Amino acid sequence: MRFISLSSLIFSAICAVSGPATAEPSPVVVELFTSQGCSSCPPADELLKRLATREDVLPLAYHVDYWDYIGWADAFADPAHTVRQRGYAQVGGRNMIYTPQMIIMGREDVVGADAMQLSEVLGTYAGHKPKVNLSVLVRGEQISIKVPKQPERRGDVMRVQLVRYMPLRRVDIKRGELAGNTLDYANVVESVQVLADWDGADPLDLSVELPDDLPAAVLVQQWPFGPILAAARAE
């Protein structure tokens, strides 16, 4: 595979960001828009897999569907992921979307395979504090989510989202630009559930059932498609 020679560079760049991984109250959310039909995506997919080993980063892989026509339909693709990517582009003033693309904390746009650029952006978030205090607690099959009233709210809508994802999937690609490759995909987004659109005028207190064992994370995001204000793994 032509991507193997990049692994040492990717690993070095990721480990260089803000020193050893440490648990933070709100991890840095990295959203990768990728596709199994994109020949440029494997280095970015590998980069995301490296990020998944860190506690201070929450990497999420959104597989898009607009490359399916090339000859290989991505089994993880969801039209909603393409809508999400287009939403970020519109709010960010970009007139096109592409893969692989990373969006960090709902703000910065980074070429997904550029380990050095990603390292620089992640470095700016070292030790960052969440904009809202998010509390997430899992008890059995139920998740409890609490956010206090926001005293300085400006009428902005904050969208509270529950993201379910698959930690690791291996795929044998039979057709398309990556035919003949066996690739690993980390933190593949399975679903995004909108729990509330909230203005901060009153405290938020939610309980949600988790019907399976898939990992989950909660995002509080200025809406539409604005900065991620807080994030937490549901553990």
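Lys131 is in contact (heavy atoms within 4.5 Å) with Arg107, Gln150 and Leu229, leaving aside its neighbours within four places in sequence. Lys131 lies in the loop between helix H4 (115-124) and strand S5 (135-139). Helices (H or I, at least four residues) and strands (E, at least two) are DSSP runs, numbered from the N terminus. The relative accessibility of Lys131 is 57%, so this residue counts as exposed. Buried means under 20% relative accessible area, exposed over 50%, and partly exposed in between, with a 1.4 Å probe and protein chains only. Pro227 is 96 residues away from Lys131 in sequence, with a C-alpha to C-alpha distance of 9.7 Å.

The model is predicted: local features need pLDDT of at least 70, side-chain atom pairs count only at pLDDT 80 or more, and totals for chains, interfaces and linings use all residues. Residues are numbered from 1 along each chain as its sequence is written, and side-chain values use heavy atoms, with hydrogens and water left out.

The protein chain contains four helices and 11 strands. Of its 235 residues, 51% are buried. Among contacts with a separation of 6 or more, 71% are between residues 24 or more positions apart. The accessible surface of the chain is about 11200 Å² (Shrake-Rupley method, 1.4 Å probe; for residues, only the protein chains shown count as cover). Carbon and sulfur atoms account for 50% of that surface.

Glu31 is part of strand S1. Its relative accessible area is 0%, so Glu31 is buried. Two polar contacts were computed for its side chain. A polar contact is a pair of N or O atoms within 3.5 Å; within protein, one must be able to donate a hydrogen and the other to accept it, and residues adjacent in sequence count only if both atoms are side-chain atoms. Another, of 3.2 Å, is with the side chain of Tyr62. Beyond four places in sequence, Glu31 also has Leu60, Tyr88, Gln101, Met102, Ile103 and Ile228 among its contacts.

Val208 sits in strand S9 (residues 204-209). Its relative accessibility is 11%, so Val208 counts as buried. Residues up to four places away aside, Val208 touches Glu141, Gln142, Ile143, Leu162, Gln193 and Leu195. Val138 is 70 residues from Val208 in sequence, and their C-alpha atoms are 9.5 Å apart.

Helix H2 (residues 42-51) is mostly covered, with seven of its 10 residues buried. These are Pro42, Pro43, Ala44, Asp45, Leu47, Leu48 and Leu51.

The structure has one cavity of 30 Å³ or more. A cavity is a set of points, on a 1 Å grid over the protein atoms alone, where a 1.4 Å probe fits but cannot get out; lining residues have an atom within 4 Å of a point. Grid points are joined across faces, edges and corners, and the volume is the space filled by probe spheres set on the points. The largest cavity holds about 30 Å³ of space. Its lining consists of Leu32, Thr34, Asp45, Leu48, Ala61, His63, Tyr185, Ala186 and Val188. Strand S1 (28-34), H2, strand S2 (57-63) and strand S8 (182-198) each supply at least two lining residues. S8 gives the largest share, three residues. The lining has six nonpolar, two polar and one charged residues. Here Ala, Val, Leu, Ile, Met, Phe, Trp, Tyr, Cys and Pro count as nonpolar, Asp, Glu, Lys and Arg as charged, and the others, Gly among them, as polar.

Note on methods. On a 1 Å grid over the protein atoms alone, a cavity is a set of points where a 1.4 Å probe fits but cannot get out, and a pocket is an open set with protein on both sides within 12 Å along at least five of seven lines; lining residues have an atom within 4 Å of a point.
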